[in-house]
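Here are my notes on this one, as promised. Have the model open while you read.

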Amino acid sequence: MFDKFREECAVMGVYGHPEAANMVYLGLYALQHRGQESSGIVSSDGKILISHRQMGLVADVFKEDVIKRLEGPSAIGHNRYSTTGQSHLRNAQPFVVEYSQGPIAIAHNGNLVNAQVLREELETSGSIFQSTSDTEVIIHLIATSKESSLMGRVVEALSRVRGAYSLLFITLDRMIAARDPMGFRPLVLGKFKAGKNRDGFVVASETCALDLIEADYVREVEPGEIITFGPKGMESLRPFPAAPHAKCIFEYIYFSRPDSNLYGRSVYQVRKELGRQLARENGVPADLVTPVPDSGVPAAIGYAEESGLPLEFGLIRNHYVGRTFIEPQQSIRHFGVKIKLNAQRAVLQGKRVVVVDDSIVRGTTSRKIVRMLRDAGAKEVHMRISSPPTISPCYYGIDTPTRSELIASSSSVEEIRKFVDADSLAYLSHDGMYVFVKGKTEGFCDACFSGNYPVHFEDEGHTRQLHLFDALQQR
Ligand code: AMP
């Protein structure tokens, strides 16, 4: 059984740079928000692949001596976060295997929907799996392929998998980047500035990783594209039939960093635009607008601009919350949210407050935030959400709980308002979410908001996996 259904990840690769592993480390650092459970880098010095994977945050996993050991001009890395199944080192990526043609490592962001069927088939014919991650299926498909060239094997393997993948591979002398034909998860191509560090290339989940290492953004790795970086430079291949694109809209809403440029647009600007639209659709008389930091900040700025209300930080975030703290058993109410956020009486006392967040998942955070705002003196609390209600789980690489845990899957907006105890609650409309592309919805996956899954449930493996997974979650 795979445990990779609620997994979020970052990938980062560098080819042709004297400090490849160090650059990948910095990139992973910039991409920490996409996965905080484990981190790993595999480098190639041309003779062997060198690997380091560990549970923990990037800054804890890689110390100077580790980075020094990861020698060579090319390296790939991965951050992983999974709330379900096993949080175990054996599922930490990149995976490295030795097959008939030599060593190869893989790093994957996304979820495959037919991995279980493929795994059973591979196991029947003798493959031995080391992890419970669906990513390992790709490696076994490459290893058992009858194609003679590496590219032939990669193409054959990818032609068999369905679902979401933004992938990086590394061998002794090459790096390969691939994105699934529907382009669910982002993947961008960058290049080190000419002359500075030879002709090095970078591939990363988000552009914020390029900024930190001073690489120039070139373009997205296109959906369905496979790019090889080798001694002869870069080569692009599009071996699969064109498919309708299904780029994740939730990357814009919440998941990507606001300073990234996603699918050709600034995430920050898109979020601001969503906030403006939210104000146009759901304005309410109030004294001030306050964001839920950090996720609600750009939308709150847009809302404030559009509504003409002042923007104030009524909630202050502690940025130094670690994973380990001693939680009091009973005595402090809503401790979990309080340790992260504090409401300021000086701003809120006697005020009618519009509080803006990007999404409501289970509703528990919103409920605690409303309570905190009231406790700090807010006279009225109007909750505004810069996306439509989250009604369906993601099976393509965003960590969402099961359908039954998603409050909007079974409750009306009025019921949710009662639950979070706000004076009013309003979400952005479905059409309003596409305001930044002038209402053009084609090319995006919005399954979490619409229930329309672009990779269909008729797919045998997908249906089986969904049923198995939901059954496990219901227990
Ligand atoms: P909840 O209490 O479950 O309603 O959580 C809502 C909060 O979770 C909002 O502030 C969102 O910004 C945040 N959020 C939404 N999606 C995710 C996700 N996939 N991972 C972590 N946090 C999320």
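1. Start with helix H5, where Thr135, Glu136, Val137, Ile138, Ile139, His140, Leu141 and Ile142 are buried (under 20% relative accessible area, 1.4 Å probe, protein chains only). The helix spans residues 135-144 and is mostly covered, with eight of its 10 residues buried. Helices here are DSSP runs of H or I with at least four residues, strands are E runs of at least two, and both are numbered from the N terminus.

2. Before going further: this is a predicted model, with local features needing pLDDT of at least 70 and side-chain atom pairs pLDDT 80 or more, while totals for chains, interfaces and linings use all residues. Residues are numbered from 1 along each chain as its sequence is written, and side-chain values use heavy atoms, leaving out hydrogens and water.

3. What sits over H5? Its buried residues are covered by, among others, strands S5 (95-99), S6 (102-109) and S7 (166-170), plus helices H4 (115-124) and H6 (150-160).

4. On to the domains: the assignment gives domain 1 (7-246) and domain 2 (268-450), with bounds from an automatic or database domain assignment. Their C-alpha centres lie 34 Å apart.

5. Between them, 13 residues of domain 1 are in contact with nine of domain 2 (heavy atoms within 4.5 Å). The two domains bury about 1000 Å², 51% of it on carbon and sulfur atoms; that is accessible area (1.4 Å probe) lost on being put together, summed over both parts. Glu8, Phe184 and Arg185 supply 37% of the area domain 1 buries against domain 2, more than any other three residues.

6. As for salt bridges (a Lys or Arg side-chain nitrogen within 4 Å of an Asp or Glu carboxyl oxygen), the count between the domains is zero.

Terms used:
Buried < 20%, exposed > 50% of the residue type's maximum accessible area, 1.4 Å probe, protein only.
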